[in-house]
Amino acid sequence: MFGPGKEPAAVTYTASELPALLDSREKEITRNLSEKTLKQRNTIRDLRTVLKDLVQDLASKEREESYHPKLETIAKNTLPLFERAMLSSLTKDLPEDPEAFYHAATESLKGCVKGLSGQGRYIRGVFPDEMKEIREMVDQIGREMNVMTPSIAEARSKRTLISAVRADLSRLGSAETEKKLGNEEITRLKEEINREEQERDQLRGRIATMKETVEAGSLRGMREEVEARRRDFLGEERALQADLAVISHVFRKGEKVLGRTMGLASAKELEALVDLLAGSGIPPEDQLMQGLSRSLPFIESMITSGEITLKNKEEKELFAKETDLAARVREGYARRETAYDRFRAKERLYHETPLLAELSSALKEEERRAGHVDAMNSRLSVITERNAALEKEIPELIGKIRAGAEGLFGHGISLTRPEAP
């Protein structure tokens, strides 16, 4: 019968009920603070009135003539400053709100203490009793303020807690909404990925069938013709490159000979032609032929005079007297261009075949779908990871809200989680 009593059962609230309860609790805190501090606030107002009168009465006090002239001068000069400093702190109205009152009264008290420690210390010798009374009055205001301090601190602490609970409630609502939207997007993404994968599989089947058709029948023969034309073109290109390499080597010899015998300035045109031949790829025909036509007579004369020695079979063949080198180079360019045109015409015809055009389109579509699926999977991974973090954060928020509410309401709290999506 007299054993320890049972703890009261926790009161269950929903998150949506708490804001109104917090508002009510905040009003209650304000009301309780007002009641608990009413006596001190009234006392402080009365003390300030008395203190103001004491300060103002100083100017009307008669001083003994026996005061040292220096003290008299100090009192005369300093008293107005002291009075102004003290009244500046005492004439400002104090608000009705307890916390605002406490703040304003604290500033007023600081001003009074500063006035006493500043100008006040110079007039203590002239008005010792009056200044003692003023000092005691300021101290009494300070004591009343000290009585208020615990109540003010408690109210501020509870208001801070209310603000924290409100912030957590707001975050809880945002987190739940974000999680719900995330779950909806996860469902939508999975459905879309599944649908895209099915359509992609069907497309892959079509592509495989078309490729099998391409590998058989007339298309195979067409492709082989394209490859043959391509080989012809590459063969003509290699032949032209081989001739140009030999020409470049011989003209390089001529450049050195001409530079040594005639000076570097005379070798400039040859140098430009050699540099053109030494570049990557085959140079444009018109650029090469201009330089070749102007420089070839100099090279041939140096070969005839023995200044240039032809050392291998290729050099001797190209620069033989019976060989028209310029004509041979032009023919090489012409054969290369003809072979390329034939290759491109056959290749174009091959790719314009309806089946190949359809295959090319299907391959591009398959690549596009693959990129879309990758993007959706990436987004799905981000949303899933975010929702996992929210699933951890939400219970933590509920625990913080419950603990804060219990501290405010003074009894156990059971907080029901918002309806899960």
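Which helices each supply at least two residues of the lining of the largest cavity? In this predicted model, they are helix 1 (18-58) and helix 3 (98-117). Helix 3 gives the largest share, four residues. The lining consists of Ile 44, Arg 48, Leu 90, Ala 105, Ser 108, Leu 109, Cys 112 and Ile 141. Six of these residues are nonpolar, one is polar and one is charged. The space inside comes to about 30 Å³, and the count of cavities of 30 Å³ or more is one.

Salt bridges come next. The structure holds 37 of them. One joins Asp 23 to Arg 166, with the closest N and O atoms 2.6 Å apart. Asp 23 lies in helix 1 and Arg 166 in helix 5, so this pair ties together parts that are 143 residues apart in sequence. Asp 23 is partly exposed, at 36% relative accessible area, and Arg 166 is partly exposed too, at 29%. Both residues belong to a network of salt bridges that also links Glu 26, Glu 99, Arg 156 and Arg 159.

Other salt bridges sit within a single helix. In helix 3, Glu 107 and Lys 110 are three residues apart, about one turn of the helix, and their side chains meet at 3.7 Å, N to O. In helix 10 (residues 325-351), Glu 347 and Arg 344 are likewise three residues apart, with an N to O distance of 2.2 Å. Glu 347 counts as buried because its relative accessibility is 18%, under the 20% limit, whereas Arg 344 is partly exposed at 28%.

Glu 192, in helix 5 (residues 128-215), is also buried, at 18% relative accessibility. Beyond its neighbours within four places in sequence, Glu 192 is in contact with His 372 and Met 376.

Conventions: Residues are numbered from 1 along each chain as its sequence is written. This is a predicted model: local features need pLDDT of at least 70, side-chain atom pairs count only at pLDDT 80 or more; totals for chains, interfaces and linings use all residues. Side-chain values use heavy atoms; hydrogens and water are left out. On a 1 Å grid over the protein atoms alone, a cavity is a set of points where a 1.4 Å probe fits but cannot get out, and a pocket is an open set with protein on both sides within 12 Å along at least five of seven lines; lining residues have an atom within 4 Å of a point. Grid points are joined across faces, edges and corners, and a volume is the space filled by probe spheres set on the points. Ala, Val, Leu, Ile, Met, Phe, Trp, Tyr, Cys and Pro count as nonpolar, Asp, Glu, Lys and Arg as charged, and the others, Gly among them, as polar. Buried means under 20% relative accessible area, exposed over 50%, partly exposed in between (1.4 Å probe, protein chains only). Contact means heavy atoms within 4.5 Å. A salt bridge is a side-chain nitrogen of Lys or Arg within 4 Å of a carboxyl oxygen of Asp or Glu.
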